[in-house]
Amino acid sequence: MDVKTSPPTTVYPYQPPFTDDHILPLSHLDTDRNMNVPFRYVRAYASAVNHHHLPDPFDVITAALSTALVKYYPYTGSLHRRTLDGRFELHCTAGGGVPVIPANADFPLSSVDYLDNADERFIELLVPNPDQETRLTHPLMLQVTRFSCGGYTLGACVHHVLCDGLGATLFFNAMAEVARGAGEVTVQPVWDRSKLLGPREPARTEFPIEEVLCLDEKFVPYMELNEEVVRECVHVKDEWLDRFKTLLKQRSGLSFTTFEALGAFLWQARVKATKVPREEKVKFAYAINIRKLVKPPLPAGYWGNGCVPMYVQLTAGELIDKPIWETAEMIKNSKRNATNEYVHSFIDFQELNYAKGINAGKRVSAFTDWRHLGHSTVDFGWGGPVTVIPLSRNLLGSFEPCFFLPYSEASQGKKDGFKVLLYLQASAVIGFRGEMEKFGSMEFAI
């Protein structure tokens, strides 16, 4: 299946957002070394009734983008490293814009199951994938692909230094509001990053951050492995999950969320399948939203990186030997560390040790739950997306991220449960599938 792309169109703010070129400082969460990656994802929109009489989605989206960029003009800037300390800063120059690639597919979205089970090589054709230099000069790039049925996809490549997924969604919601006819966006964007999330004076780490982070000047996040990393999709039925959580509660007396229970199982399954030496430290990593956690809370329009990583750390041997409920309990208990002090200690640790190469180590398994992120609000006038698929392979210092994803809304009523999209070293795939077969049949030790 072929996707025909045309040269990108550069979309400019419809009126000049500023007159003097300037530099915007970023927060220490933005300039965390793990953020020096793009995050890429695609939203799929089903065709509307009588779509032949409706405006072209490319025209609607680019017009809305032009309006939104007046307030969100930093997306037209370029990222540069400061001479002083090597941290990124954003250079905003008059006349900047955002490249948008127009594309067409001469088949309906339904023929690829609304991307629900589409091949990764096909999905890659729907999302910009610029080289490292272009990502810095154009921290936001979009692609609108029109399908023969009238449906379309919106692919995005956003540099993580500028924002996280929640911040990007604020921006896309602003675009969508404009597309639906709003004269003004509901939530006004707020920058003030170095002020709102800057280090304390003096910087200090009262939470023992150093227990889970390492210092190594030579360490580069997401270093290339000698082995191929492949994409694996696991289908989790509601029945299996309910039975699993009931078993954990019987053994432990505790109730676990799906993220805690299934995350513990998947973490153990991956470490087993990868055959990590027993004495090596392994980490379960996830991000926690700090927007309402910090004191004072961040303004509703704050669109910078507003999450911090949380970690659970064990040796590979401990993880494999522990009952799964104990690992799930450790994940549950780790959430208690999410305090205002933890956030500020993390920021201050970045201030004090940035040059020393802060990292989380080499055996990080990153987990994130996309089932309730509110993507459906990004409605350009024909309804919200029926499917949202991430394509990022680098997350929280891990090159093997794991996403909990809902099935496409176009499949509702046909499928139960949800799907888990994760990346694995190629040599671990067979072993991992064996562990997941045990999950479905409940043939494992709790």
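Let us start at one end of a helix: D164 caps the N-terminal end of α4, with a side-chain oxygen 3.3 Å from the backbone nitrogen of L166. Such a polar contact is a pair of N or O atoms within 3.5 Å; within protein, one must be able to donate a hydrogen and the other to accept it, and residues adjacent in sequence count only if both atoms are side-chain atoms. Helices (H or I, at least four residues) and strands (E, at least two) are DSSP runs, numbered from the N terminus.

Before going on, please note that this is a predicted model, in which local features need pLDDT of at least 70, side-chain atom pairs count only at pLDDT 80 or more, and totals for chains, interfaces and linings use all residues. Residues are numbered from 1 along each chain as its sequence is written, and side-chain values use heavy atoms, leaving out hydrogens and water.

Now back to α4, residues 165-179. Its end C-alpha atoms are 21 Å apart, which agrees with the 21 Å that its 15 residues should span at 1.5 Å a residue; the expected span is 1.5 Å times one less than the number of residues. Eleven of those 15 residues are buried, so α4 is largely enclosed by the rest of the structure. Buried means under 20% relative accessible area, exposed over 50%, and partly exposed in between (1.4 Å probe, protein chains only). Among the buried residues are G167, L170, F171 and F172. The buried residues of α4 pack against β4 (38-45), α1, β8 (140-147) and β9 (152-159), where contact means heavy atoms within 4.5 Å. Just after the helix, G181 takes a positive phi of about 110 degrees.

Is T62 buried or exposed? T62 is buried, with a relative accessible area of 13%. The T62 side chain reaches the backbone oxygen of D59 at 3.2 Å. Leaving aside neighbours within four places in sequence, T62 is in contact with V11 and V100.

Elsewhere, six strands form an open sheet of mixed pairing, in the order β11-β18-β17-β15-β12-β13. Its edge strands, β11 (229-236) and β13 (307-315), each pair on one side only; two strands pair if DSSP finds at least two bridges between them. β11 and β18 (residues 418-425) run antiparallel over eight bridges, and E232 stands opposite L422 in β18.

Stepping back, the protein chain has eleven helices and 18 strands. Buried residues make up 54% of its 446 residues.
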